[in-house]
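The sequence and structure come first.

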Amino acid sequence: MTGSPLSSGGAVRGRVTVRRGFSRRSPRPFGRSSVTPWIYLAPALVVLGGLLVYPVYQLGLISFLEYTQAQVSGGEPATFQGFGNYAELFGDREFWRVLLATVLFAAACVVSTLAVGCALAVLLTRVRAVPRLALMLAGLGAWATPAVTGSTVWLLLFDPDFGPVNRMLGIGDHSWTYGRYSAFLLVLLEVVWCSFPFVMVTVYAGIRAVPAEVLEAAALDGASQWRVWRSVLAPMLRPILVVVTIQSVIWDFKVFTQIYVMTNGGGIAGQNMVLNVYAYQKAFASSQYSLGSAIGVVMLLILLAVTLVYLRLLRRQGEEL
């Protein structure tokens, strides 16, 4: 009689002990699983830290110093200027002129690139296999062309003496790079030419993922191609359009090679200057490295602000990113 209660109690205590032991051990697998992804990401984070964080830190540090050719050569020590470089920059009327030109030029490039890329993506879904393959190969060839090479080819095409474009249009020896707006237009065409393939391929992949029944239903309702894009495809492809828009804003806002090559460093009297070229001129042509760094910091903050505002507006509309 006495043995059974004890044995049953021991069994109960044994079960309790086992349960307590299991509850104490349960957090360990969770802790390991939460650390495991960071272990796999550690090499990439180290590389990104060396390639991104440290240069940004150095850029910000130099923007607060007096750093000219004298400091680079070691003739004079670098002195802390605080926000003096930024005050000088914001007090320069040329900076505001270049900033406005950069914003307008980047906006025109982004809108044009998205329009051409999305239109050609829809076209790829309407043509047969052979024309589709030819169009995609041509687009990828333009995308893979280095910026310097592409800019040089476009200059040859629009050359006032030997370019075939002037002969086809019958405008004689018109110089496209002499006027401010014609030069910006020429650079815009080259930027769109080398940027639209990314938008075209990305949006085309998104369209192919849309169920065919949705498009068939829209066609049966008598919707036009524009109505199908505006009311069906664009809302379903909004996450993809967000990615390509942000990428285009970043790329087009910091255009350098096309402007520098096609306008010979910013055009006549700097009429085609953009912020990246302006920073280059300040840092390397004038040896004012601190001012060039300040311009780089301002560009970084502008791009971060535009991206965050855009994402926040989309979140307010209920979009999942």
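**Loop residues, a helix pair and a helix**

Ala269 counts as exposed because its relative accessibility is 79%, where exposed means over 50%, buried under 20% and partly exposed in between (1.4 Å probe, protein chains only). The model is predicted: local features need pLDDT of at least 70, side-chain atom pairs count only at pLDDT 80 or more, and totals for chains, interfaces and linings use all residues. Residues are numbered from 1 along each chain as its sequence is written, and side-chain values use heavy atoms, leaving out hydrogens and water.

**Loop between α13 and α14**
- Ala269 lies in the loop between α13 and α14 and has a positive phi of about 55° although it is not a glycine.
- Asn264 is in the loop between α13 (257-262) and α14; its phi is positive, about 60°, and it is not a glycine either.
- Asn264 counts as exposed, at 72% relative accessibility.

**Packing of α6 and α9**
- Helix α6 (residues 129-144) packs against helix α9 (residues 180-208) at about 135°, with axes 7 Å apart; helices are DSSP runs (H or I, at least four residues), numbered from the N terminus.
- The two helices are therefore oblique to each other, a class left over after under 35 degrees (roughly parallel), over 145 (roughly antiparallel) and 65 to 115 (roughly perpendicular).
- Residues in contact (heavy atoms within 4.5 Å) include Leu135 and Trp143 of α6 and Phe196 and Tyr204 of α9.

**Helix α12**
- Helix α12 (residues 238-253) has 16 residues.
- Its buried residues include Leu241, Asp252 and Phe253.
- The buried residues of α12 pack against α5 (93-124), α9, α11 (225-236), α14 (275-285) and α15 (289-316).

Terms used
Axes fitted to C-alpha atoms, helices over the stretch in contact; angles between N-to-C directions. Expected span 1.5 Å × (residues − 1).
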